[in-house]
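Morning, everyone. Let's take a quick tour of one structure. Here it is.

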Amino acid sequence: MQDLHDDLDKYPVADSAEIANQVPIIDVSAVVKDAASQHARDAVDAIAAACQDWGFFQVINHGVQEELLNRTWVQARRFFAQPAAGKKTLLRTRANPWGYYNNELTKNQRDKKEVFDFTTDGRDPIYDAENRWPAIANGFSQTMREYRDACTELGLALLEAFCVGLELPADSMRADFATNHTGFVRLNHYPVDDPLDAQDVKKLPAAGLGVHHHSDAGALTVLLQDDVGGLQVFKDGFWHNVVPLAGALVINTGDMMQVWSNDTYQAAVHRVLAMNQVDRYSIPFFFNPSAATIVKPLPSVVSAERPPRYAPIQWSEFRAKRTDGDYADYGTEVQIAQYRL
Ligand code: OGA
Ligand code: NI
């Protein structure tokens with residue numbers, strides 16, 4: 001499969017003329033309360049416009065408590081501060097993707113980062129595997145679960161806003177997410193020093209970026225970033241910085257939202273620069289539908305003039321193939337372009 005975005009990293013970072021053109025910042029308090037209410041209409045419209053223009057926006061008054069955000073940061077930093085040997089007992093595998101990893105391949109290129117992934121409790125329905133929790137006490141797993149659940153609540157409210165924006169009943173997507181979603185949280189650490197052992201660094205290609213450009217696979221992503229910066233979104237020929245805003249969460253749409261909306265909402269291409277001054281941390285929550293969900297363009301965005309642009313996609317299959325793309329030995333990453341009609 002040819003990668004249509006091969007040359008994207010050669011594009012410039014936004015110049016002074018483009019810089020005023022920023023990722024929108026949206027107050028979502030009314031959406032969190034009731035996305036279907038008239039009171040939420042302005043925020044819903046702003047979200048719909050941001051999804052069309054950027055595939056990215058920042059939310060304030062999102063309902064995730066500051067106190068929980070602070071505890072989540074403390075625990076995330078504690079996790080990465082463990083000795084490497086401790087983290088390596090949690091190494092993820094092809095069969096069980098939950099745990100620690102420091103050599104991810106996005107577009108088959110190495111990223112300069114280390115990650116820890118965890119999902120819902122119990123056995124997850126795609127891999128039939130369980131979370132690997134580290135042996136660090138003092139509330140790590142408890143805080144992480146709380147953070148995951150708070151993001152799930154926010155994600156459900158945002159999905160309602162997306163539905164209203166597409167002229168669908170607010171709860172149209174609820175059944176695919178509310179009780180058996182396959183979302184997961186990733187703790188990202190982008191260190192200045194390469195996270196691989198010195199002998200491995202020599203064997204592998206240099207890690208030129210923190211995360212190579214990609215779009216997220218699922219419905220939407222809720223991202224908590226620290227104040228360092230380095231996340232960039234591609235729009236109209238420029239890379240735009242997603243400038244850190246204290247207390248805000250960054251939202252972006254994923255591939256499945258692009259398919260559901262029949263290309264009305266874009267799954268934005270984004271990347272993270274490699275750190276060379278100070279370490280950066282970020283915590284995305286990837287909100288994904290239930291394993292059995294069949295994703296296809298929704299009725300309100302399909303018409304005789306605008307036929308469906310994608311064949312139906314079984315989420316569990318797409319997700320498993322995307323994860324396989326992380327492992328060099330199992331081929332290239334699956335993209336929605338392969339389902340395009
Ligand atoms: C990701 C991602 C952005 C960030 O993990 O998919 O795009 O700011 N992260 O860390
Ligand atoms: Ni991403």
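Let's start with a contact between two helices. On the helix 4 side, the residues are L68, L69, R71, T72, Q75, A76, R78 and F79. On the helix 6 side, they meet F140, T143, M144, E146, Y147 and A150. By type, this contact has eight nonpolar residues, three polar and three charged. Keep in mind that this is a predicted model.

Now the geometry. Two packed helices are described by the angle between their axes and the distance between the axes. Helix 4 covers residues 66–81, and helix 6 covers residues 140–165. Their angle is about 130°, and their axes are 9 Å apart. Helix 4 and helix 6 are therefore oblique to each other. Their crossing is left-handed.

Next, the metal. Which residues coordinate the nickel ion, ligand 2? They are H214 through NE2, D216 through OD and H270 through NE2, at 2.1 Å. Along the chain, the donors follow the spacing H-x1-D-x53-H. H214 sits in strand 8, residues 209–214, and H270 sits in strand 13, residues 270–273, so the pair ties together parts that are 56 residues apart in sequence. Is H214 buried or exposed? Buried, and so is H270.

Last stop: helix 10, residues 315–324. Seven of its ten residues are buried, so helix 10 is largely enclosed by the rest of the structure. The buried ones are W315, S316, F318, R319, R322, T323 and D324. What covers them? The cover includes strand 7 (184–190), helix 9 (255–260) and strand 16 (313–314).

That's the tour. Thanks.

Terms used. Residues are numbered from 1 along each chain as its sequence is written. Chains are lettered from A and ligands numbered from 1 in the order in which they are written. This is a predicted model: local features need pLDDT of at least 70, side-chain atom pairs count only at pLDDT 80 or more; totals for chains, interfaces and linings use all residues. Side-chain values use heavy atoms; hydrogens and water are left out. Axes are lines fitted to C-alpha atoms, for helices over the stretch in contact, and angles run from 0 to 180 degrees between N-to-C directions. Helices (H or I, at least four residues) and strands (E, at least two) are DSSP runs, numbered from the N terminus. Angles under 35 degrees count as roughly parallel, over 145 as roughly antiparallel, 65 to 115 as roughly perpendicular and the rest as oblique. A crossing is left-handed if the near helix is turned anticlockwise from the far one by less than a right angle, and right-handed if clockwise. Contact means heavy atoms within 4.5 Å. Ala, Val, Leu, Ile, Met, Phe, Trp, Tyr, Cys and Pro count as nonpolar, Asp, Glu, Lys and Arg as charged, and the others, Gly among them, as polar. Buried means under 20% relative accessible area, exposed over 50%, partly exposed in between (1.4 Å probe, protein chains only). Donors are N, O and S atoms within 2.8 Å of the metal (3.2 Å for Na, K and Ca); water is not among the atoms, so sites may look incomplete.
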